[in-house]
Amino acid sequence: MKRSFFQYVSLNVLGALGLSGYILADTLFVAHRLGTDGLAALNLAISVFGLINGLGLMLGIGGATRYAICRTQGDGVRADRAFSRALACGGALGGLLALAGLLWAVPLARLLGAEGAILPMCSVYLRTVLLFAPCFLLNHILTAFVRNDGNPKLAMAAMLLGSLSNIVLDYVFLYPMDMGIFGAALATGIAPVVGLCVSSLHILTRRSRFRLRPFRPALRPLADLAGLGSAAFLNECSSGLVLVVFNLLTLRLAGTLGVAAYGIVANLALVVIAVFTGVAQGAQPLISRSHGQGRPDLARRVLGYGLTVCLAMAGVLYILLALFAPEVAALFNSEGDPVLAATAVEGLRLYFLSAPLAGVNIMAATYFAATQQALPAQLLSLLRGLFLVVPAALLLSALWGVWGLWLALPAAELAAALVCAVLFLRLKKS
């Protein structure tokens, strides 16, 4: 079990880092090519990834969890229908998002706080990325099923190659072709297309045990998939909503430079969260299989491995970010603005105090979802992602300004971790 855990987790962490890398690559290239305004516009626009990734992960993890449990129990028909439902729903939701981007990109950019010179750049990025929404959702779904079908190496390769293509195309579109922020968005949109092509090799080489199977449209099976993947959906969507709230508060407290500084912190936070998400998603197939076999002891053992790895990684990441905060901020500060640098350094050292707690909460929510305990998973995800963070941000920023805003996330993650401890104590007693 330990060997399988580290194989799945190491591959999935690399893949998740690759998946978060395309947003970080956008940030670096946009900051250097388009300056503070471009960085601020990008940070306002990337909150839409919370919804896109949330829907993709909900259908992917929910469908793949049901698939893994049904396969373990020998029910191939239900397993195939879980794949078919997830894929069909992903395509439909992706189409709706693409239509929304085509029709309402400018009003959406205004709603997110874009104005003046930032508005055109933000709306162009939103429109382009949303047009690729079907590819993002289907990529998440297919990657999750490939991983749960016993091919974590290909799942990792799909995520890494997609991210690598984005980095290469970012450079090509922004520098030699000088396409501006549209080029950055186009490079990001092509990344899941590459990922889909790589993941499809699992089907084309006939290694897959899942296949499309006709199914009757029904709410109950779809609600089952959504329930099992709800923790991932709530995590991602809540992160997007928190990003919007923080952007608006930062814009009021510190202006465009403050939003740019928060953009640096928020984009690095996506990478840190990707590490924990990678550990959790890598552990999920093993937890689901153990649960399907009626072996809760094995599922709990995998949970213990996951919590240990998350805490160790969080400690290392925080030490590195705290020690090298000035150098990290300088990477994104192409204009050498001292106010931007000082604000970003302060943010890096305070905001990432939340890292160990976030790792524990994400791993715990995934465990609950993977063992068909949707309610605790949903509660934990909502608490850490929205119900606690937004009130903390409003209260602490009113008391201490930007400094209080940086501390809102650590305070919320701490409160969610206490709730998590209570949930596990109740589970142990039962």
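1. Gly-56 sits in helix H2, residues 48-72. Helices here are DSSP runs of H or I, at least four residues long, numbered from the N terminus. Gly-56 is buried, at 0% relative accessible area. Buried means under 20%, exposed over 50%, and partly exposed in between, with a 1.4 Å probe and protein chains only. Gly-56 touches Leu-137, His-140 and Ile-141, leaving aside residues up to four places away in sequence. A contact is heavy atoms within 4.5 Å.

2. Keep the source in mind. This is a predicted model: local features need pLDDT of at least 70, side-chain atom pairs count only at pLDDT 80 or more, and totals for chains, interfaces and linings use all residues. Residues are numbered from 1 along each chain as its sequence is written, and side-chain values use heavy atoms, without hydrogens and water.

3. The structure holds four cavities of 30 Å³ or more. On a 1 Å grid over the protein atoms alone, a cavity is a set of points where a 1.4 Å probe fits but cannot get out; lining residues have an atom within 4 Å of a point. Grid points are joined across faces, edges and corners, and a volume is the space filled by probe spheres set on the points. The largest cavity has about 810 Å³.

4. Which residues lie nearest the centre of the largest cavity? They are Glu-236, Ser-239, Ala-269, Leu-270 and Ile-273, out of 47 lining residues. H10 gives the most to this lining, with 18 residues. Helix H10 spans 230-292.

5. Next, the charged pairs. There are seven salt bridges in the structure. A salt bridge puts a side-chain nitrogen of Lys or Arg within 4 Å of a carboxyl oxygen of Asp or Glu. One of them joins Asp-178 to Arg-33, with the closest N and O atoms 3.2 Å apart. This pair links distant parts of the chain, 145 residues apart: Asp-178 is in the loop between helix H6 (152-174) and helix H7 (180-199), and Arg-33 is in helix H1. Asp-178 is exposed because its relative accessibility is 52%. Arg-33 is partly exposed, at 34%.

6. Asp-224 and Arg-66 also meet in a salt bridge, 2.8 Å from N to O. They too link distant parts of the chain: Asp-224 in helix H9 (residues 219-228) and Arg-66 in helix H2, 158 residues apart. Is Arg-66 buried or exposed? Arg-66 counts as buried, because its relative accessibility is 9%. Asp-224 is partly exposed, at 28%.

Terms used. Helix = DSSP H or I, 4+ residues; strand = E, 2+ residues; numbered from the N terminus. 1 Å grid on protein atoms, 1.4 Å probe; cavity = no way out; pocket = protein on both sides within 12 Å on 5 of 7 lines; lining within 4 Å.
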